[in-house]
Number of protein chains: 2
Amino acid sequence: MAPIPDGFSYGQWSVVYNALSFGIAAMGSATIFFWLQLPNVSKSYRTALTITGIVTFIATYHYFRIFNSWVEAFNVTNSGGGDYTVKLTGAPFNDAYRYVDWLLTVPLLLVELILVMKLPAEQTTSMSWKLGFASALMVALGYPGEIQDDLTVRWVWWGLAMIPFCYVVYELVVGLNDATKRQASATVSSLISSARYLTVISWCTYPFVYIVKNIGLSGPTATMYEQVGYSVADVVAKAVFGVMIWAIASEKSKLEEQGSLMSS
Amino acid sequence: MAPIPDGFSYGQWSVVYNALSFGIAAMGSATIFFWLQLPNVSKSYRTALTITGIVTFIATYHYFRIFNSWVEAFNVTNSGGGDYTVKLTGAPFNDAYRYVDWLLTVPLLLVELILVMKLPAEQTTSMSWKLGFASALMVALGYPGEIQDDLTVRWVWWGLAMIPFCYVVYELVVGLNDATKRQASATVSSLISSARYLTVISWCTYPFVYIVKNIGLSGPTATMYEQVGYSVADVVAKAVFGVMIWAIASEKSKLEEQGSLMSS
């Protein structure tokens, strides 16, 4: 496990610093939004919305930890010259926080999508287990490669992690296609469709960020792209995706309320 | 009470560090999930669900403490070489947090299982006292052995703690068997059955982790297995088990609601 590289410019260091703080602000405020909306959706969607907030809550915790670890790893000072100097303190920057976060949140993300679709009980359980297990396996297979310096070994673990990755993406695009069409209204169908494609697109950024170090980039530049890339992908995959889950839950609650008013 | 051993590699130190942080994230988010779900279950299961969250809340507190104690016990630095060096600072790593945690949470865990079964009032009280007392005794008998270096003395306390341990496991498997069969529906019975077996399996990991030091392992490797083993066992026995308690409470609430609708 190689230590973090030396030689960051203040600009590079600062971009990562602010991307991590953006992560805290975005994830934390998304959490509060989801939980405050709980009474506004009907009972059957509250578990989905609770989990949506749990996902961004876990991410908030980890962004605080990553931010603090980033700050502790560097000593940034100005001795009166033209720019700040960034030096390593020798303290480790703990990259494993991201993987621990994904191990918990990625299966939960898929569960929130399945729950908001309100499939038959059996299908909900079986899909949750299948996608939850495959996505946890994907994260677990990614980590050994992430902490490797040997580029060949990195590619091997990347390839292995891509197997469950492709399975999950396939299930989202093809497997849930029928269920999406069977949703209560055209608005709901199109919202769920968007949520599924947002998942696929935001997920696809991760394997690209992962291979930043494999395509010739190294040192501070590679670390900068990696940290900023993962932070932006995380906010899209958790907070923005969560807003879509909320929109679906909200729309379906409204339709159900109208339905029960009409039948009474 | 022997001080924590010297000679950790960064990898070993880091695995424990991240397992403890995983404990904080998992226990903390589980707590919020259980408490946010309180309005979604019927009144008779709210005490069980409150206690489920209390258990993971107490664990969250202790994982924060254990994490901080772990960080303070070590000085991790890089002086420009290929890997971080891990040295003891001389500050103690307080292992008693786990035992204080178990003394509080293990009896509560059993009470939450008994409460969600909704046995007759008398049986609820007597079972809670019997299992609560036996499990507290089990934890109290385990601690004197945990802080011993003499392997024979460790085995003696381990053996003594196994007596109440076996009694609790016996009561869970056999004693609650009849009551499980008498539950309202097949789904509920099978959920309670799963919760009972999850308890037994996750509990059985503890005596194994305990004897890691008795089977020839020592030094940093033994400490690493012990800390990671206890952390994973705790998350399964408290957070995952809690999700099953919630699922039972949720399913039974739904059935009771349907029942009262039909009879009205």
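**Conventions.** This is a predicted model in which local features need pLDDT of at least 70 and side-chain atom pairs count only at pLDDT 80 or more, while totals for chains, interfaces and linings use all residues. Residues are numbered from 1 along each chain as its sequence is written, chains are lettered from A and ligands numbered from 1 in the order in which they are written, and side-chain values use heavy atoms, with hydrogens and water left out.

**View 1. The interface of chain A and chain B.** Contact here means heavy atoms within 4.5 Å. On that rule, 26 residues of chain A are in contact with 29 residues of chain B. The area buried between the two chains is about 2,200 Å². Carbon and sulfur atoms give 64% of that area. Buried area is the accessible area (1.4 Å probe) that two parts lose on being put together, summed over both.

View 2. The rule finds 1 salt bridge between chain A and chain B. A salt bridge is a side-chain nitrogen of Lys or Arg within 4 Å of a carboxyl oxygen of Asp or Glu. A:Lys43 and B:Glu257 meet in such a bridge, at 3.7 Å from N to O.

On the side of chain A that touches chain B, α2 (46–73) and α3 (96–117) of chain A each supply at least two residues. Helices (H or I, at least four residues) and strands (E, at least two) are DSSP runs, numbered from the N terminus. The largest share of this side, 10 residues, comes from α2(A). By class, the side has 18 nonpolar, 5 polar and 3 charged residues. Nonpolar covers Ala, Val, Leu, Ile, Met, Phe, Trp, Tyr, Cys and Pro; charged covers Asp, Glu, Lys and Arg; the others, Gly among them, are polar.

**View 3. The largest nonpolar core.** This core has 155 residues. A nonpolar core is a set of buried Ala, Val, Leu, Ile, Met, Phe, Trp, Tyr and Cys residues joined through side-chain atoms within 4.5 Å. Buried means under 20% relative accessible area, exposed over 50%, and partly exposed in between (1.4 Å probe, protein chains only). Those with the most contacts inside the core include A:Trp70, A:Phe74, B:Trp13 and B:Trp70. The most residues, 13, come from α2(A). Not counting residues up to four places away in sequence, B:Trp70 touches B:Ile4, B:Phe8, B:Trp13, B:Val16, B:Tyr17, B:Leu20, B:Phe93 and B:Thr223.

View 4. The side chains of A:Asp234 and A:Arg98 meet at 3.6 Å, N to O. A:Asp234 lies in helix α8 (residues 219–263) and A:Arg98 in helix α3, 136 residues apart. Both residues are buried. A:Arg98, A:Asp101, A:Asp234 and A:Lys238 are linked in a network of salt bridges. Over all chains, the structure holds 11 salt bridges.

View 5. B:Lys118 lies in the loop between α3 (96–117) and α4 (121–146) of chain B. Its phi is positive, about 50°, although it is not a glycine. Most residues other than glycine have a negative phi. B:Lys118 forms a salt bridge with B:Glu256, the closest N and O atoms being 3.1 Å apart. B:Glu256 is in helix α8 (residues 219–263) of chain B, so the pair ties together parts that are 138 residues apart in sequence. B:Glu256 is partly exposed at 31% relative accessible area. B:Lys118 is partly exposed at 44%.

**View 6. A:Ser202 in helix α7.** A:Ser202 lies in helix α7 (residues 186–210) of chain A. Its relative accessibility is 5%, so A:Ser202 counts as buried. Leaving aside neighbours within four places in sequence, A:Ser202 is in contact with A:Ala233, A:Val236 and A:Ala237.

**View 7. A:Lys87 in strand β2.** A:Lys87 lies in strand β2 (residues 85–88) of chain A. At 56% relative accessibility, this lysine counts as exposed. Beyond its neighbours within four places in sequence, A:Lys87 is in contact with A:Ala73, A:Phe74 and A:Asn75.
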